[in-house]
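Please look over the notes below with the model open beside them. They are set out as numbered points so that each can be checked on its own.

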Amino acid sequence: MALYQINKGINKPIEFKGLKAQYIGYLAAGLVLLLIGFAIMYIVGVPVITCIIIISVLGSALFYQVFKLSHKYGEHGLMKKAAKRYLPDHLKFTTRNIFLQLKK
């Protein structure tokens, strides 16, 4: 009888050090922006120690915020929250015909 290896990770979201799904991309994009910001500050002539302090503070805030969002909303929660903004508060009907036709 042949031995088959079972892949138990099918349909599971990507997870890295507690970050789930799209939050890994958010963190990566933020780190790239911080790198570009450091390069711009360095080219403009800001002292290196000041650049490092600013980028460190912003990087810490980025990590804190992304991990907070990941733990609060989970894999799909942030997208659901964003989609909820497009739902109407209420529906207004001026006639009962729609409801009367439901019985037919």
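The points below take the helices in turn, then their packing, then single residues.

1. Basis. This is a predicted model, in which local features need pLDDT of at least 70 and side-chain atom pairs count only at pLDDT 80 or more, while totals for chains, interfaces and linings use all residues. Residues are numbered from 1 along each chain as its sequence is written, and side-chain values use heavy atoms, with hydrogens and water left out.

2. Helix 1, length and end. Helices are DSSP runs of H or I with at least four residues, strands are runs of E with at least two, and both are numbered from the N terminus. Helix 1 has 23 residues, which at 1.5 Å a residue should span 33 Å; its end C-alpha atoms are 33 Å apart, so the two values agree. The expected span is 1.5 Å times one less than the number of residues. Just after helix 1 comes Gly45, with a positive phi of about 115°.

3. Helix 1, buried residues. Buried means under 20% relative accessible area, exposed means over 50%, and partly exposed lies in between, with a 1.4 Å probe and protein chains only. In helix 1 the buried residues are Gln22, Tyr23, Leu27, Gly30, Leu34 and Met41. Their cover includes strand 2, helix 2 and helix 3 (77-84). Contact means heavy atoms within 4.5 Å.

4. Gln22. This residue belongs to helix 1. Gln22 has a relative accessible area of 18% and therefore counts as buried. Apart from neighbours within four places in sequence, Gln22 is in contact with Glu75, Leu78 and Met79.

5. Helix 2, length and end. Helix 2 covers residues 48-73, and its 26 residues should span 38 Å at 1.5 Å a residue; the end C-alpha atoms are 37 Å apart, which agrees. Gly74 follows helix 2 and has a positive phi, near 75°.

6. Helix 2, buried residues. Cys51, Ile55, Gly59, Val66 and Ser70 are the buried residues of helix 2. Among what covers them are strand 2 (19-20) and helix 1 (22-44). An α-helix has 3.6 residues a turn, so residues three or four places apart point the same way.

7. How do helix 1 and helix 2 pack? Their axes are 10 Å apart and meet at an angle of about 170°, which means that helix 1 is roughly antiparallel to helix 2. Axes are lines fitted to C-alpha atoms, for helices over the stretch in contact, and angles run from 0 to 180 degrees between N-to-C directions. Angles over 145 degrees count as roughly antiparallel, under 35 as roughly parallel, 65 to 115 as roughly perpendicular and the rest as oblique.

8. Residues of that contact. Where helix 1 meets helix 2, the contact residues divide into 18 nonpolar, four polar and no charged. Here Ala, Val, Leu, Ile, Met, Phe, Trp, Tyr, Cys and Pro count as nonpolar, Asp, Glu, Lys and Arg as charged, and the others, Gly among them, as polar.

9. Cys51 and Ser70. Both are in helix 2. Cys51 is buried, with a relative accessible area of 0%, and Ser70 is buried, also at 0%. Not counting residues up to four places away in sequence, Cys51 touches Phe38, Met41, Tyr42 and Val46. Cys51 and Lys20 are 31 residues apart in sequence, and their C-alpha atoms are 30 Å apart in space.

10. Val48, in helix 2, has 40% relative accessibility and so counts as partly exposed. Its C-alpha atom is separated by 52 Å from that of Gln5, 43 residues apart along the chain. Thr94 lies in the loop between helix 3 and helix 4 (97-100) and is exposed, with a relative accessible area of 77%. Thr94 and Gln65 are 29 residues apart in sequence and 46 Å apart in space, C-alpha to C-alpha.
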